[in-house]
Amino acid sequence: CGAADYKHRVSQSGFERPIDAGTRYCAVLGHPVRHSASPAMQNAGIARLGLNWRYLAFDVRPEELRTALAGARSMQFVGLNLTVPHKLLALEMMDVLDESAKTWGAVNTVRFEGRDRSGAWRPLYEFEETPPEKVRMHGFNTDADAIVRALREDLQVELEGARVVILGAGGAGRVAALRLAAENVSELFLVNRTLSKAGSVAAEIRRRHLNVKVQLGYPRGEVDLAINATSLGLLPDDPLPVDGRQFSLRQAHAVFDMIYRPAETALMRSARAGGSRVANGLGMLLYQGVKALEIWTGRPAPVDVMREALQRNVYGS
């Protein structure tokens, strides 16, 4: 590439040092994954920390996840993020689970760890010269707390005592439902194409949180918050993730779409037109990524730098 193009790319990524034989790697695995803004955010954070690392993105089909994880372990990756549809699948593939992954039942962050001569497990990046003989995958969940922080900061929602409808009961929807139940919402309404999947999430919440009312299907009357935890909205011709015959977006005081690209989904436009406060999933992406970087590095992440890189990548400004 030309000098001008090279300088532009350096300024966008924040990197000035070239990739060399000592560069370490981390990545996000998903299917699809081309829409992901995680590389822009994480590479900006990595550069600010002065690390000789790079963050990549790989499209991995569900049936190939185990092979991809094994490959990343063999190639001495520092860590991984997992997005749709891998967060539930990865649970039983980990060698050890952090309490966050056990509590919320999904893995979105993996840290590769090596066993040193004393028998202690340490982050793999600490082994600079000779790779350890044994490497394990340590699974974490950084989504759950990121959801709550984004809802409070972006929508000013008071979760305790709130009535909430969650669209989707897959990995993201399940974590959101469990985490919001822990915040003592008063009622949760779970909507999912496969009723049995929503039913299993509802049963788990009833076991853990006796004071939270859980129902399957759409609510009657107003709700404080509606959350889209499905992938509907990623593509321009996707239908709305809500059945307008059973639930009007006017019933929701606030609507949170976990999708962040496009920056404004059809759901958000419709909700805003009906008078609801709206926000996309950019804040959630930021805070789960910040925590993931801290898990990998053991250092505070540069939140403002990562936020700026995300906004530039998604909004172009």
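Student: Leaving aside neighbours within four places in sequence, which residues is Asn 184 in contact with?

Tutor: Asn 184 is in contact with Leu 159, Glu 160, Gly 161 and Asn 211, where contact means heavy atoms within 4.5 Å. This is a predicted model, in which local features need pLDDT of at least 70 and side-chain atom pairs count only at pLDDT 80 or more, while totals for chains, interfaces and linings use all residues. Residues are numbered from 1 along each chain as its sequence is written, and side-chain values use heavy atoms, with hydrogens and water left out.

Student: What makes Asn 184 partly exposed?

Tutor: Its relative accessible area is 34%; buried means under 20%, exposed over 50%, and partly exposed lies in between (1.4 Å probe, protein chains only), so Asn 184 is called partly exposed. Asn 184 sits in the loop between H6 and strand S9 (187–191), helices (H or I, at least four residues) and strands (E, at least two) being DSSP runs numbered from the N terminus.

Student: Why is His 86 called buried?

Tutor: His 86 has 0% relative accessibility, and therefore counts as buried. His 86 belongs to the loop between S3 and strand S4 (96–97), and, leaving aside neighbours within four places in sequence, its contacts include Leu 29, His 31 and Arg 61.

Student: What makes a set of residues a nonpolar core?

Tutor: The set must consist of buried Ala, Val, Leu, Ile, Met, Phe, Trp, Tyr and Cys residues joined through side-chain atoms within 4.5 Å. The largest such core here has 65 residues, and Leu 225 and Phe 256 have the most contacts inside it. H9 gives the most to this core, with 10 residues. A second, separate core of 20 residues includes Ala 27, Phe 77, Ala 101 and Met 137.

Student: Which residues does Phe 256 touch, not counting those up to four places away in sequence?

Tutor: Among them are Ala 150, Leu 151, Leu 225 and Met 284.

Student: How do you know how far the model can be trusted, and what is the mean pLDDT of the chain?

Tutor: The predictor's confidence in each residue is given by pLDDT, from 0 to 100; the chain has a mean of 93, and 95% of its residues reach 70 or more. Over residues 1–11, however, the pLDDT is below 50, and beyond near neighbours in sequence this stretch has five contacts in the model. Where pLDDT is low, the predicted coordinates should not be read in detail.
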